[in-house]
Amino acid sequence: MRFRFGTDIGLKREENQDAVRCEYFGHNILAVVCDGMGGERAGKEASHIAINEFFQRFSDGYSESLGDDDIRKLMISSISAANSVIYTRARLDFKNFGMGTTCVAAFVNSKAAFIANVGDSRAYLISDTGLHPITTDHNVAALLYEQGKITKEQMATHPQKHMLTRAVGVDKTVLTDTFHLDYEDKINLLLCSDGLSGYCSDDEIYDTISEADPDGIADALIKLANGKGGRDNVTVAIVSD
C-alpha cells in the first residue's frame with residue numbers, strides 16, 4: 001500500500017490555503033486534505049491547524065487492537081479536536097474571525113477504508129469502471145439539490161456551490177460524516193479539495209488517473225486543474241495498493 005500527494009497554489013490565488021498530509025501507521029495509511037477559509041492568512045492557518053490536530057489526536061488514540069467502530073469514533077474525535085482548537089483560536093484574535101476549513105480524511109488498513117469528512121473536499125473510490133464519489137458536499141448547492149429545489153446539472157454551476165453549510169472551526173461543535181468501505185484484493189482512493197473537483201468532471205479526473213504514470217498521478221491531476229484555469233488552490237492525495 002502506498003500514497004502520493006501534492007498541492008499547488010493555482011494560477012489566480014495569492015496564497016495556498018490548502019493543506020495535505022499522509023503518513024504510515026505500521027502498514028496502514030492515514031491521509032488528510034483540508035481547504036481553509038477566512039480572512040488574510042486565517043484560511044491557511046486553519047487548514048494547517050486541522051491537519052496537525054487531526055494527526056496528533058489520531059496518533060494518541062490509535063493502536064493496532066482497535067476495532068472498526070473504535071477507528072470510526074477516533075476519526076470523529078480527531079476532527080472534533082481540530083474544530084475546538086480552530087474555534088478557540090478564532091475567538092482569541094479578531095483577525096481570525098470566521099476562520100475554518102474543510103477536512104476529508106481516510107484511514108486505510110488491510111481490509112477496510114474509513115472515511116470522515118466535513119465541508120466540500122471529497123473522497124472518491126477509483127475502480128475499473130470509473131470514479132465513484134464517497135462523500136457528500138456540505139454546501140448550499142448540494143443542500144438545495146437534496147431538497148429538490150435544483151437539478152443535479154444546476155448544482156454543478158450554482159453560484160452558491162462554494163458556500164459551505166458545514167466547516168471545521170466555525171461552530172463550537174461540528175457534525176462529521178463517516179463511511180466504511182470493506183475490500184478484499186485492492187482499494188484505490190482519491191482525496192481532493194474543490195480546486196480539482198469544482199472545475200474538472202469526474203470523467204476528466206478518472207481519465208487523467210488512468211493515463212498517468214503511478215508516480216506522477218498527483219502532478220497530473222494538479223496540471224489538469226490548472227489547465228482549466230487554475231482558479232483555486234488544488235490539492236490531492238491518492239492511496240492505493
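**Exercise 1. Contacts along the chain**

Among contacts in the chain between residues at least 6 apart in sequence, what percentage join residues at least 24 apart?

*Solution.* Begin with the term: a contact means heavy atoms within 4.5 Å. Among such contacts between residues at least 6 apart in sequence, 70% join residues at least 24 apart. The model is a predicted one, in which local features need pLDDT of at least 70 and side-chain atom pairs count only at pLDDT 80 or more, while totals for chains, interfaces and linings use all residues. Residues are numbered from 1 along each chain as its sequence is written, and side-chain values use heavy atoms, with hydrogens and water left out.

**Exercise 2. Overall form**

Find how the radius of gyration of the chain relates to that of a compact globule.

*Solution.* The radius is taken over C-alpha atoms, and the globule rule is 2.2 Å times the number of residues to the power 0.38. For 241 residues this rule gives a value near 18 Å, and the chain, with 17 Å, agrees with it. The C-alpha trace spans about 50 × 40 × 35 Å along its principal axes, and 51% of the 241 residues count as buried, where buried means under 20% relative accessible area and exposed over 50%, with partly exposed in between (1.4 Å probe, protein chains only).

**Exercise 3. Helix H6**

Which residues of helix H6 are buried, and which elements do they pack against?

*Solution.* In H6 (residues 202-211), the buried residues are Ile-205, Tyr-206, Thr-208 and Ile-209. Seen down the helix axis, these buried residues fall within an arc of 160 degrees, so they line one face of H6; the arc is that of the directions from the axis to the C-beta atoms. The face turned away from the buried side carries the exposed residues Asp-203 and Glu-211. The buried residues pack against several elements, including strand S7 (122-127), strand S10 (188-192) and helix H7 (217-227), where helices (H or I, at least four residues) and strands (E, at least two) are DSSP runs numbered from the N terminus.
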